Amino acid sequence: MTGPDYTVDVRRMEEFSAVELYDMLKLRIDVFVVEQHCPYPELDGNDVDCLHLRLIDGADLLACARLWRPTPEHHPRIGRVAVSPNHRGKRLGEALMREAIAEVEKRHPGEPIEISAQSHLQMFYGSLGFEVISEEYLEDDIPHVDMLRRG
């Protein structure tokens, strides 16, 4: 199925309007807390330090991800990858990740990219060049693995 047209929007948290920020946080809570039946602190205090990449169609938020810059402990990271339930089945997860990878590579050329992936998504992320680099572990009672895409 062909996906909708979208615009890529990358900003820091403070650059969003209240409505844009609300829509993005609501999507993340709807997916990670409500849909996955996983009560955890989605608003974790890290959003202000990250870039936020959104796929939008007009005012409609299709998908979003959080981009971390490198730290002494970590390579650049992509996280909070979420596709709106209203827009699933349109390959937006793949589009979102390709846009996120391109943005990280533009800002941090040659650097590997880290993700913490839900274990059942290993093949999806593997198709985008990520390799498992850890044993499986539980994060908020959901099996995860760390993955790395070499620069």
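A pocket, on a 1 Å grid over the protein atoms alone, is an open set of points where a 1.4 Å probe fits, with protein on both sides within 12 Å along at least five of seven lines; its lining residues have an atom within 4 Å of a point. Grid points are joined across faces, edges and corners, and a volume is the space filled by probe spheres set on the points. The largest pocket holds about 890 Å³ of space. Its lining has 36 residues, and closest to its centre are Phe-32, Arg-80, Val-81, Ser-116 and Gln-118.

This is a predicted model, in which local features need pLDDT of at least 70 and side-chain atom pairs count only at pLDDT 80 or more, while totals for chains, interfaces and linings use all residues. Residues are numbered from 1 along each chain as its sequence is written, and side-chain values use heavy atoms, with hydrogens and water left out.

Helices (H or I, at least four residues) and strands (E, at least two) are DSSP runs, numbered from the N terminus. At least two lining residues of the largest pocket come from each of α1 (18-35), β3 (60-68), β4 (77-83), β5 (113-118), α3 (122-126) and β8 (142-149). β4 gives the largest share, seven residues.

The second largest pocket is lined by Asp-23, Lys-26, Leu-27, Asp-30, Ala-59, Asp-60, Leu-61, Ser-84, Pro-85, Asn-86 and His-87.

In the class counts below, Ala, Val, Leu, Ile, Met, Phe, Trp, Tyr, Cys and Pro are nonpolar, Asp, Glu, Lys and Arg are charged, and the others, Gly among them, are polar.

| Pocket | Volume | Lining by class |
|---|---|---|
| Largest pocket | about 890 Å³ | 17 nonpolar, nine polar and 10 charged residues |
| Second largest pocket | about 230 Å³ | four nonpolar, three polar and four charged residues |

The 18 residues of α1 should span 26 Å at 1.5 Å a residue, and its end C-alpha atoms are 24 Å apart, which agrees. The expected span is 1.5 Å times one less than the number of residues. α1 bends by about 30° at Ile-29, where the bend is the angle between axes fitted to the seven residues ending there and the seven starting there. Buried means under 20% relative accessible area, exposed over 50%, and partly exposed in between (1.4 Å probe, protein chains only). In α1 the buried residues are Met-24, Leu-25, Leu-27, Arg-28, Val-31 and Phe-32; they pack against β2, β3 and β4, contact being heavy atoms within 4.5 Å. Just after α1, His-37 has a positive phi of about 50°.

Arg-54 sits in strand β2 (residues 51-57) and counts as buried because its relative accessibility is 5%. Beyond neighbours within four places in sequence, Arg-54 has contacts that include Asp-9, Glu-20, Met-24 and Leu-61.

Asp-141 lies in the loop between β7 (137-139) and β8 and counts as exposed because its relative accessibility is 69%. Its C-alpha atom is separated by 9.9 Å from that of Pro-39, 102 residues apart along the chain. Phi of Asp-141 is positive, near 65°. Asp-140 lies in the loop between β7 and β8, with a positive phi near 55°, and is partly exposed at a relative accessible area of 36%.
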